Amino acid sequence: MDFDLEFLLVTATAVTGIIWLLYALFTKKKAPEHEPVLLEYARSFFPVLLAVLLLRSFVAEPFRIPSGSMLPTLEIGDFILVNKFAYGLRLPVLHTKILEVGEPQRGDVVVFRYPDNPSIDYIKRLVGVPGDVVSWNDKTLIVNGVELNRTLQGDYIRPDQRTPPSIHLKEDLLGVTHDILVTPGRVGPTGSQTIPAGHYLMMGDNRDNSNDGRMWGLVPEANIVGKATLVWMHMNWGGDGFNFSRIGNKMQ
């Protein structure tokens, strides 16, 4: 159980709710002329904390993109909304699924807890679902015996100097078309993986600049957080600052 914002939010909601409930149960029906300060705070904050907790846990949660591993789909400084309902409802902190809704699909942009350190959230594209056989060799990607088709889009216009010169391609992930980047002269890893039940293979769209499943393996279903949907704000102090043109961009 990680001591993080989610844990703090659950704890604060529980504490304020218990204070309010205990006061209502063990005091006279007639409210005193002056309520204790602690009760005033509890009664004021509990509804707000509960609403935030429910929205964040079961509807949508905001995340900030800290790296360029998902370029050109997501840029450093993008603030995204993640649909927590898309793959089933999970209890906060415990992350136990309580309602089946849907399953991650090949091509989805997914937020998940990093398997080697679940306190860290990662975002990548899902390229291998249970039953798939995925092979990669430098810049070639093969899924279920099909080498993915890529269409040249030209040189990538870098948002800042932290991004190496790259080539922009359109990739057809067995029916899901999306953008990727490759870096000329940089040799990628080689490997192959048959995806077992309850696991997924994730890769960054910035293929030669992404720490992903090719290096550290598969993501268990229990680590899935939700499906990235759209950019709601962009702020990159080390690059292009506020970029209002990014707002509303949907994941493809």
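A: Within β12, Thr177 is the bridge partner of Asp172. The model is predicted, with local features requiring pLDDT of at least 70 and side-chain atom pairs counting only at pLDDT 80 or more, while totals for chains, interfaces and linings use all residues. Residues are numbered from 1 along each chain as its sequence is written, and side-chain values use heavy atoms, leaving out hydrogens and water.

Strand β11 (residues 167–173) pairs with β12 in the antiparallel sense, over seven bridges. Strands here are DSSP runs of E with at least two residues, numbered from the N terminus, and two of them pair if DSSP finds at least two bridges between them. The order β10-β11-β12 makes up an open sheet of three strands, with antiparallel pairing. Its edges are β10 (149–155) and β12 (176–182); each has a single partner strand, so one side of each has no neighbour in the sheet. On average, neighbouring strands of this sheet are turned by 25° against each other, direction ignored; the axes are lines fitted to C-alpha atoms, and angles in general run from 0 to 180 degrees between N-to-C directions.

Another open sheet consists of four strands in the order β9-β8-β7-β13, with antiparallel pairing. There, β9 (146–147) and β13 (190–194) are at the edges with a single partner strand each, so one side of each lacks a neighbour in the sheet. Strands β7 (residues 133–137) and β8 (residues 140–143) are joined by four bridges in the antiparallel sense. Asn137 has Thr140 in β8 as its bridge partner.
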